[in-house]
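Me: I am new to this one and would like to go through it step by step. Could you show it to me first?

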Amino acid sequence: MSSPTTAVRLTAAHASVTVQSNTPSVTDWSRRYFGPWWNAVEPPAEDAGVGPVVTAHLDETACDDLAAHVTTSPHEETTYAKARLLLTRDAVGTVTAVSPAEGLAYHSEPAAGRLTLTGRSPQPLALATARIAREMVRADLLRDGWTLLHASAAVRHGHAVLAFGSKGAGKTTTALLLAGRGAQLLANDRVFIKPVGAQLHVLPWPSAAAVGLGLLDALGLYDIVRDRLLAGEKLHPTQHDDVTEALLAGRREPLWEPGGKRERKVQIFPDQFTSWFGMNLATGGHAAAMLFPRIDPAATPALVDGARTLAEEDFMSGATEDRYPDHFGLAHGISGGGSDLARTTVADRLAALPHHQIVLGHDTQANADFLTKLADNL
């Protein structure tokens, strides 16, 4: 197996992880995916192996050897990132696993803070490496008292406005409208938060942003995306082919999975908010207010009466994060959303901040005017 030739270190607050690989496209992917939100730098050669490390090798032979080891040994079968996973554990907690459909093998040594991936092709390897790197940073932050909110967020002058609600409530709409008016986008769907002194500090959770075709059109961003695709640029590879085909064909109506319960959405890279839409991304801030939006097509945007406060579903939890259960021992038993004490402390502190229920209509300009004025008056 060849030695790694490239490396990138990702840092959020005190937490960091180094991604190293014999394939530059793997580290380039992590640099692109995390760079706008987490500090992504090339580490000095002498300490590239210091701290938690994810090593990713493009090596078909090694991948096949690990797959043979797992499948011929006693193993369990489960699911990780929507893919079938076969895994074994030894007496000291080392995990060896394979994802046959993705052509990936994992070897995790949790006590040493090391996880090695081998893959048969570059793109699945790059995707999995970024996912594992993010999980290692998440685990480190949770151990330090951070927790995860199920919220979108935009930052103006260091003040973060957090928007909560179930799917379709208007979280993403709120954040993107504010970002389109000069705020910095911090989160599309979830945000790290921790009390630090008198403030509640917030950090981004880097991920592809899922935006429905109808919302993309309402925000005036549809034609930008379509033109970029027609010019040969790409969106995130997790985007369903039906969405890409709809964009190329100029169709703007929402697309739904069979059964109509879940919308298929455009999957936007973090850096595309800046390079395509001219929106700036926030690397942090402190919580200043909570908004609980809902969408009423006929409504004039306004504050509305109501007693909505934070609920359990407003925090990311182990159950909520079922796509990424801790099969590799990265979190050492910590819930995917943080400890009970951290969640309780954050909920109490957030309850003391201004919080408003709002209604937004289908007039994008009026919505943006209303939200900007509201944020400026916090």
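This is a predicted model: local features need pLDDT of at least 70, side-chain atom pairs count only at pLDDT 80 or more; totals for chains, interfaces and linings use all residues.

Me: Let us begin with helix 7. Which of its residues are buried?

Reply: In helix 7, which spans residues 241-249, Val 243, Ala 246 and Leu 247 are buried. Viewed down the helix axis, these buried residues fall within an arc of 100 degrees, so they line one face of the helix.

Me: And what do the buried residues of helix 7 pack against?

Reply: Their packing partners are helix 5 (213-218), helix 6 (222-230), strand 17 (255-256), strand 18 (263-264) and strand 19 (266-268). Just after helix 7 comes Gly 250, with a positive phi of about 85 degrees.

Me: Which residues touch the most other members of the largest nonpolar core?

Reply: That core has 83 residues, and the ones touching the most other members are Tyr 106, Ile 132, Leu 216, Leu 247, Phe 273 and Phe 328. Helix 3 (residues 122-143) supplies the largest share of this core, 10 residues. Another core, of 22 residues, lies apart from it and includes Leu 149, Leu 186, Leu 200 and Phe 292.

Me: What does Leu 216 touch, not counting residues up to four places away in sequence?

Reply: With those left out, Leu 216 touches Val 211, Leu 221, Tyr 222, Val 225, Leu 247, Val 266 and Ile 268.

Me: Changing topic: how many residues of strand 11 are buried?

Reply: Strand 11 (residues 151-156) is mostly covered, with 6 of its 6 residues buried. Ala 151, Ala 153 and Val 155 point one way, while Ser 152, Ala 154 and Arg 156 point the other way.

Me: Which strands does strand 11 pair with?

Reply: Strand 11 runs antiparallel to strand 12 (residues 159-164), joined by 6 bridges, and Val 155 has Ala 160 as its bridge partner there. Strand 11 also pairs with strand 13 (residues 184-187) in the antiparallel sense over 3 bridges, where Leu 185 is the bridge partner of Ala 154.

Me: Now the charged pairs. How many salt bridges are there?

Reply: The count comes to 18 salt bridges. One of them joins the side chains of Arg 32 and Asp 271, at 3.0 Å from N to O. Arg 32 lies in helix 1 (residues 24-34) and Asp 271 in helix 8 (residues 270-275), so the pair ties together parts that are 239 residues apart in sequence.

Me: Is Arg 32 buried, exposed or partly exposed?

Reply: Arg 32 is partly exposed, with a relative accessible area of 33%. Asp 271 is partly exposed as well, at 22%.

Key: Residues are numbered from 1 along each chain as its sequence is written. Side-chain values use heavy atoms; hydrogens and water are left out. Buried means under 20% relative accessible area, exposed over 50%, partly exposed in between (1.4 Å probe, protein chains only). Helices (H or I, at least four residues) and strands (E, at least two) are DSSP runs, numbered from the N terminus. The arc is that of the directions from the helix axis to the C-beta atoms. Contact means heavy atoms within 4.5 Å. A nonpolar core is a set of buried Ala, Val, Leu, Ile, Met, Phe, Trp, Tyr and Cys residues joined through side-chain atoms within 4.5 Å. Two strands pair if DSSP finds at least two bridges between them. A salt bridge is a side-chain nitrogen of Lys or Arg within 4 Å of a carboxyl oxygen of Asp or Glu.
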